[in-house]
Amino acid sequence: SHLPFYHPRSSRSIPPPTHHTTMSNGQPDGAFPRLNASMLHAGNWDSTIVSIVGKAVSFDGMQTLEFECADGGKVQVQVGPDFNFEHGKAMEIMGAANEDKTVQHFISRDLGEGFDFSNYNQLITKVLNNSKYSDLFGV
């Protein structure tokens with residue numbers, strides 16, 4: 001259903017992709033659901049690589065980070081003892097969702113100062129995970 005791509009300065013067309021690579025858990029490589037705490041707790045995301053955005057609330061110094069997601073809900077994130085905890089730091093965490101609704105930290109990135117959590121939460125709840133836009137976002 002993909003149409004060929006035509007470069008504006010070329011008469012050649014670039015054929016559409018014919019296959020997608022997948023990870024061992026069956027997810028398309030590089031594609032993962034963007035969730036808030038409510039979505040993580042309500043869904044069956046076991047072994048799915050997910051993205052959560054929010055801020056670090058507390059850290060036990062060993063392996064458990066309490067993370068407040070964009071919707072204000074809390075998620076426990078399993079991290080290593082070398083995790084660099086900064087209270088209130090806005091970040092995106094990508095990792096594997098566990099059966100117990102925790103997330104195993106793989107990688108995180110700093111989102112800087114002034115990140116608009118409310119706006120992001122509206123994006124993921126009203127647009128990215130809305131079947132009305134499935135042709136655009138693969139819901």
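Where is the place of Asp116? Asp116 sits in the loop between β8 and α2 (117-128), where helices (H or I, at least four residues) and strands (E, at least two) are DSSP runs numbered from the N terminus. The structure is a predicted model, in which local features need pLDDT of at least 70, side-chain atom pairs count only at pLDDT 80 or more, and totals for chains, interfaces and linings use all residues. Residues are numbered from 1 along each chain as its sequence is written, and side-chain values use heavy atoms, with hydrogens and water left out.

At 44% relative accessibility, Asp116 counts as partly exposed; buried means under 20% relative accessible area, exposed over 50%, and partly exposed in between (1.4 Å probe, protein chains only). The side chain of Asp116 reaches the backbone nitrogen of Asn119 at 2.9 Å. Along the chain, Asp116 and Gly54 are 62 residues apart, and their C-alpha atoms are separated by 9.7 Å.

Next come the charged pairs. Side chains of opposite charge can pair when their charged atoms come close. A salt bridge is defined here as a side-chain nitrogen of Lys or Arg within 4 Å of a carboxyl oxygen of Asp or Glu, and a search of the whole structure finds four of them. One of these joins Glu92 to Arg34, with the closest N and O atoms 2.9 Å apart. This pair links distant parts of the chain, since Glu92 belongs to strand β7 (residues 90-97) and Arg34 to strand β3 (residues 34-35), 58 residues apart. Glu92 also forms a salt bridge with Arg109, and here the closest N and O atoms are 2.5 Å apart. Arg109 lies in strand β8 (residues 103-110) and Glu92 in strand β7, so the pair ties together parts that are 17 residues apart in sequence. Another salt bridge connects Lys74 with Glu68, the closest N and O atoms being 3.8 Å apart. Lys74 is partly exposed, with a relative accessible area of 37%, and Glu68 is partly exposed at 21%.

The strands can now be followed by their partners; two strands pair if DSSP finds at least two bridges between them. Strands β3 and β4 pair in the parallel sense over two bridges, and Arg34 has Ser51 in β4 as its bridge partner. By contrast, β4 and β7 pair in the antiparallel sense over seven bridges, with Gly95 in β7 as the bridge partner of Val50. Strand β4 is also joined by five bridges to strand β5 (residues 64-69), and these two run antiparallel. Here Ser58 stands opposite Glu66 in β5. The hairpin of β4 and β5 has four residues between the strands, and Gly61 takes a positive phi near 85° there.

Most residues other than glycine have a negative phi, and most peptide bonds are trans. Ser47, which is not a glycine, has a positive phi near 70°. Ser47 is found in the loop between α1 (37-42) and β4 (49-59) and is partly exposed at 45% relative accessibility. Lys101 likewise has a positive phi of about 70° without being a glycine. Lys101 lies in the loop between β7 and β8 and, at 26% relative accessibility, counts as partly exposed.

Methods:
Polar contact = N/O pair within 3.5 Å; in protein donor to acceptor, adjacent residues only side chain to side chain.
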